[in-house]
Amino acid sequence: MTSLRSRVALVSAAALVLAGVGIGYSLYAAARSGGDSHAAGHAVPASDDGLYIRDSEGSVVLQQGSGTSTRRTSTGLDCNRFYAAGDTAVCLSVEGSLKPTAKVEVLDADLTPAESFTYSGVPTRARVSPSGRMVAWTVFVTGDNYAGTNFSTRTGIFDRETGRIIDSLEGIPLHIDGERVRRVDVNYWGVTFAADDNTFYATVSTAGKTYLIEGDIANWSATALRENLECPSLSPDGTKLAFKKRVNDSVDDRWRLYVLDLESMQETALAEYRNVDDQAAWLDDDTVAYAVDGGVWSVPADGSGEPRLIADDASSPSMVKD
């Protein structure tokens, strides 16, 4: 199977061919984003790497280059959430309006659909394991009578190797403070996978609290590790989790980004003071990316530095390394 890195190279070659026959990138960018995405100061990954992003119209594009040579190439996909890793990508989209249905498309390395699932609800989170084997998604659903806010979540996992589909994580045995928890209000969201394609981290909410859980697919178990961690994202080296933390109850200023060291269990506040309601992604072991204020930004994972805009008119970042 062709890797996503090979896909990056193919898309880059296609972009050069288009340039050769006179189809300028500036026309494409204007059509997609309604403005110039090459403005000075928009830092982007090195030219041998690629950053998949979703623009404000829902189109997934591959951004490459740096400085004034930044270019974006269409993938032909329209998604509400998108993520790619290894030889796999996942595209979540909405069908219908009165009763929305989430369509989950699992894509091969050439970004063609390989599997498709549908669930009642609205897409909110998507992830793929580093190898591309495991795919996860979360949708918001309505109608659960235990949910005081009249909505809850469903999180599913698909194993591309075995074909196993877990429609909802709610059936996994959950332990909090050493005790098995059996409650009807348990909700999971924001899965992130380790490199072993078995260990995963996610958020669980129950009894008015949220927790970071560590899950084990083979043993079918989940254990709460820490309170008040949401939407975790595991670093490429598997040593740190980026997450959003509730810092107050204000709707407009509720969340801050942190990084948790999994060995010491020490938290580090990142140098981003805006309200970031997103599941962050990692550009490398030292840099976190996330969507806020209509663009994708990055910030050092050690709490130093300051935010940098790496893609305007964008969300759902996922980095493909050469």
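**Salt bridges, pair by pair**

Tutor: The structure holds 15 salt bridges. Keep in mind that this is a predicted model. General idea first: side chains of opposite charge can pair when their charged atoms come close.

Start with Glu 105 and Lys 103. Their side chains meet in a salt bridge, with 3.8 Å from N to O. The cut-off for a salt bridge is within 4 Å, so this pair counts. Are the two partners buried or exposed? Glu 105 has a relative accessible area of 15%. Buried means under 20%, so Glu 105 is buried. Lys 103 has 21% relative accessibility, so it counts as partly exposed.

Next, find Asp 108 and Arg 160. These two form a salt bridge, and their closest N and O atoms are 2.6 Å apart. The pair links distant parts of the chain, 52 residues apart. Asp 108 sits in the loop between β6 (101-107) and β7 (113-120). Arg 160 sits in the loop between β10 (151-159) and β11 (165-166). Arg 160 counts as partly exposed, at 24% relative accessibility.

Now move along the chain to Arg 274. Its salt-bridge partner is Asp 293, with the closest N and O atoms 3.0 Å apart. What does this pair tie together? Arg 274 lies in the loop between β21 (267-269) and β22 (281-284). Asp 293 lies in the loop between β23 (287-292) and β24. So the pair ties together parts that are 19 residues apart in sequence. Look at the cover on each partner. Arg 274 is partly exposed, at 23% relative accessibility. Asp 293 has a relative accessible area of 62%. Exposed means over 50%, so Asp 293 is exposed.

Salt bridges can also share partners. Here, such bridges join Arg 125, Lys 244 and Asp 277 into one network.

Strand β24 covers residues 295-300 and pairs with β25 in the antiparallel sense, over four bridges. Trp 297 has Leu 309 of β25 as its bridge partner. Strand β25 (residues 308-312) is mostly covered, with four of its five residues buried.

Glu 105 meets Lys 103. Asp 108 meets Arg 160. Arg 274 meets Asp 293.

Terms used: Residues are numbered from 1 along each chain as its sequence is written. This is a predicted model: local features need pLDDT of at least 70, side-chain atom pairs count only at pLDDT 80 or more; totals for chains, interfaces and linings use all residues. Side-chain values use heavy atoms; hydrogens and water are left out. Buried means under 20% relative accessible area, exposed over 50%, partly exposed in between (1.4 Å probe, protein chains only). Helices (H or I, at least four residues) and strands (E, at least two) are DSSP runs, numbered from the N terminus. Two strands pair if DSSP finds at least two bridges between them.
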